[in-house]
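I opened a new structure today and jotted down what I looked up. My notes follow in the order I made them.

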Amino acid sequence: MSDLLSKRPTWAEINLDNLIHNYRVTKAAVGGNVAIMAAVKANAYGHGAVECSRALEAAGVDWFGVALPEEGVTLRQSGITKPILCLAGFWEGQEKSILAHRLTPVVFRLDLLEKLDRAAQAAGVGADYHLKVDTGMGRLGVPSGELGSFLNDVGRLKKVKLDGVMTHLASADCLDKREFTEQQISRFEVAVELVRGAGHTPTWMHEANSAATHAYPRSRGSLVRLGGVLYGLWRDVTDHSIEPLDWLPVMSVRTRIMFLKTVQSGCPLGYGGTFVTLRESRIATLAIGYEDGLRRDLSNRGQVIVRGQLVPIVGRVSMDLTLVDVTDVEGVMVGDEAVVIGSQGSLQITAEEVAAKIGTISYEVTCGISDRVPRVHS
């Protein structure tokens, strides 16, 4: 923390002990026969991909999942040695990078797989890939009805090996979509048999994200992909009919009061004067704004914790600054900490609560904490 003392006092604390705790309690729940992939895409959901990956690799995680090859390259250059799956595939021209950095791509287009095969032949190496099948998500993946012809085409390729089969379950967190999720699982089981029937012997079969890992044991296969629950985000992305595990929050976001003033009743505050005081008020200016990830949607709606009390955001959240009403906080001073996400004393504001106020999910909240907010990993 000492290196932050000379900087603007706004930071995100990343509790790596809680991260490892979340990994271990989930690993214990799924059992020793199921490998764990840690999803560290999008800078580990805003938590810091390199630091989180180093901690998870030391704790024994089996795989890492990134969205882009570029993210995988960053991990390799930071010393990560475990297998890395590029969940969104790769673009034309990235074949050499995939091979050079020992990345495993997800494949759903024959033309890209052919390019990877040619690059592997030119380099004199082999390359594993995971085949993605679309069983109902509708984003990426070979449609179930086209899988047979796709497998016929890949059979002629020489240097690429189908070592994994995967799909993505669209609604595993939704209690009212259980029938649809079960249908997806059944379609995936058929797809795996088609792959095996075509002569492939994949090591990895995976379809379960955090929600499915917890709610659908049948979906666990040989590998599960854990995202939100690793970071202690579960209240808005898992099936509430299933008892949660002891997941702990990993990120907290904190800032400090940089200015205090007393204003009279009837005083408009912030852009557009959208808040007008109804009494003589003590107003604090916080060193955080929407560029930092404190969403503008929280204007006149959000809260922070100051000296163990919840205080309201008043006026519009601006780019770099935010106002809060601290009239009822005894002894409040410039320099006092304000908790945007996290705990102080007996009070807590979760990322899920923030998300609910602005109509999104916790993942978007933590991913939205900008790069200019330093992460303090401990």
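I started with disulfides, so I noted the cut-off: a disulfide is a pair of cysteine sulfur atoms within 2.5 Å. The structure holds zero of them. I also reminded myself that this is a predicted model, where local features need pLDDT of at least 70, side-chain atom pairs count only at pLDDT 80 or more, and totals for chains, interfaces and linings use all residues. Residues are numbered from 1 along each chain as its sequence is written, and side-chain values use heavy atoms, with hydrogens and water left out.

**Cysteines.** I then checked accessibility (buried is under 20% relative accessible area, exposed over 50%, partly exposed in between, with a 1.4 Å probe and protein chains only). C367 is partly exposed at 37%, and C267 is partly exposed at 23%.

**Whole chain.** The C-alpha atoms fill a box of roughly 80 × 45 × 40 Å along the principal axes. Of the 378 residues, 53% count as buried.

**Cores.** Next I looked for nonpolar cores, meaning sets of buried Ala, Val, Leu, Ile, Met, Phe, Trp, Tyr and Cys residues joined through side-chain atoms within 4.5 Å. The largest has 116 residues, and L56, F64, L75, L131 and Y231 have the most contacts inside it. Helix α6 (residues 110-123) gives the largest share of this core, six residues. Another core, of five residues, lies apart from it and includes L269, I283, V314 and L323. I remembered that in soluble globular proteins, nonpolar side chains tend to be buried together.

A208 sits in the loop between β9 (204-206) and α9 (210-215), and A208 is buried, with a relative accessible area of 0%. The C-alpha atoms of A208 and G197 are 23 Å apart, though eleven residues separate them along the chain.

**Strand β11.** I ended with F259, which lies in strand β11 (residues 251-263) and is partly exposed at 44% relative accessible area.

Technical notes
Helices (H or I, at least four residues) and strands (E, at least two) are DSSP runs, numbered from the N terminus.
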